[in-house]
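Take a walk through this structure with me.

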Amino acid sequence: MRENVWRFFDVQYPDGSNPIEGWYQNLSEEARDAFNKLLKNHRKTENPQEWIGFKRFLKGKQLQKERIWEWWFVADGRQYRVFGKFWQGERKQAILLAGCYHKGEIYTPSNVFESACKRSRDLSEGRAQPSEREVKEDI
Amino acid sequence: MNERSKKISKLIESSTSRASYIRASLGVNIPSQIRALRLRCNMKQADLAEAADMKQSRISAVECPGATRFNLETLIRLASVFRVGLVVRFASFSEMLEWENDFSQDEFVVTRIEDDAEFLNPVTSRQTTATVANSRYVFRGASLEMGNWLTPTTIGGLVDTSFDRETIEEPLVSYLSGGKTQTSDPQFFGEEMLLQEQKPITETLQ
């Protein structure tokens, strides 16, 4: 069995809140399964540009500055987007910043880009900590 | 109850949960295999689209997790372009999960038909066919399922199970009784089996 080459992290605030976990808990069962399977798959795939569903680095001044990227996957007939970034200076570590629905050109919640940027800055400036994300409900 | 136990309980109790789980698994593992095979072939999505007579947008979708409800014809077309076989069969959850846990997109390689020695050399396969009841051999590179017939199986390959009983029964009986196989045909069990012939039979039979 191939060892995991990537580790994934959530953003954890001192008050215990974890926005990615909050988003995850509100997903449908199928979306949670898909997200978990995706993490499991990506952990073993060395080149992130070969991750299935890896879409792009986002454009926009702040988003580019934070080097935020976007994944997508589809579950229960809805398209989901996950935003993240590679952890500064660390090899094979990625931080998941936010998740949302996507349809047409509309992201729900609509402030997801701002949230992702803010969480990225919070991490850089020490207001939040990375917390390793295990693949939930992995059997 | 931990999350794993909760998940297992849900899967046991709910058909909807089982369907979701299987869908999510296939929704990730099929696109991942397609991407791996395409990259091994040094193909761009446009190349694959042309070879499979599909639109590039369709190839993009089949490589996106969950975006495609695959039909068999699509998979057959892609397998054909990649010059590999395709296996679609029902399996236990444990088997499904074991495959998934072992799967790595980076290391996923499938032998192309022109390099598939077992497929190209059916004579060897025919020689390894024998009669043994209610036993099963598993050895590196292939498995020999033993019901009424000992049959070499290969993914995507068809096996001719006709054989000459006289040619093969004696060495097999010798093997099963713990003695060293004496065969005039060095390819009798293939190289893999010959490597194991000194082991006690209890280590080999499952």
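Of the 139 residues in chain A, 39% are buried. Buried means that 20 or more other C-beta atoms lie within 10 Å of a residue's own; exposed means 12 or fewer, partly exposed is in between, and C-beta atoms are placed from the backbone. This is a predicted model: local features need pLDDT of at least 70, side-chain atom pairs count only at pLDDT 80 or more, and totals for chains, interfaces and linings use all residues. Residues are numbered from 1 along each chain as its sequence is written, while chains are lettered from A and ligands numbered from 1 in the order in which they are written.

Now follow the chain. Chain A has 4 helices and 7 strands. Starting at the N terminus, their order is β-α-α-β-α-β-β-β-β-α-β. Helices (H or I, at least four residues) and strands (E, at least two) are DSSP runs, numbered from the N terminus. The C-alpha atoms of chain A fill a box of roughly 35 × 35 × 30 Å along the principal axes.

Next, look across to the partner. In chain A, 23 residues are in contact with 28 residues of chain B. Contact means that the C-beta atoms of two residues, placed from the backbone, lie within 7 Å. On the chain A side, α2 (29-43) and β3 (69-75) each give two or more residues. The largest share, 7 residues, comes from α2(A).

Which helix of chain B does α2(A) cross? The partner is α2 of chain B, residues 15-40. The two axes come within 8 Å and cross at roughly 35°. Axes are lines fitted to C-alpha atoms, for helices over the stretch in contact, and angles run from 0 to 180 degrees between N-to-C directions. Residues of α2(A) that meet α2(B) include E29(A), D33(A) and K37(A). Among those they meet in α2(B) are Y21(B), R23(B) and V28(B).

Finally, the backbone. A cis peptide bond joins T108(A) and P109(A), with omega about 5°. P109(A) is found in the loop between β6 (106-108) and α4 (112-124) of chain A. D76(A) is not a glycine, yet its phi is positive, about 40°. D76(A) is found in the loop between β3 and β4 (78-86) of chain A. D76(A) is partly exposed, with 16 other C-beta atoms within 10 Å. In chain B, R83(B) also has a positive phi, near 65°. R83(B) is in the loop between α5 (72-82) and α6 (93-102).
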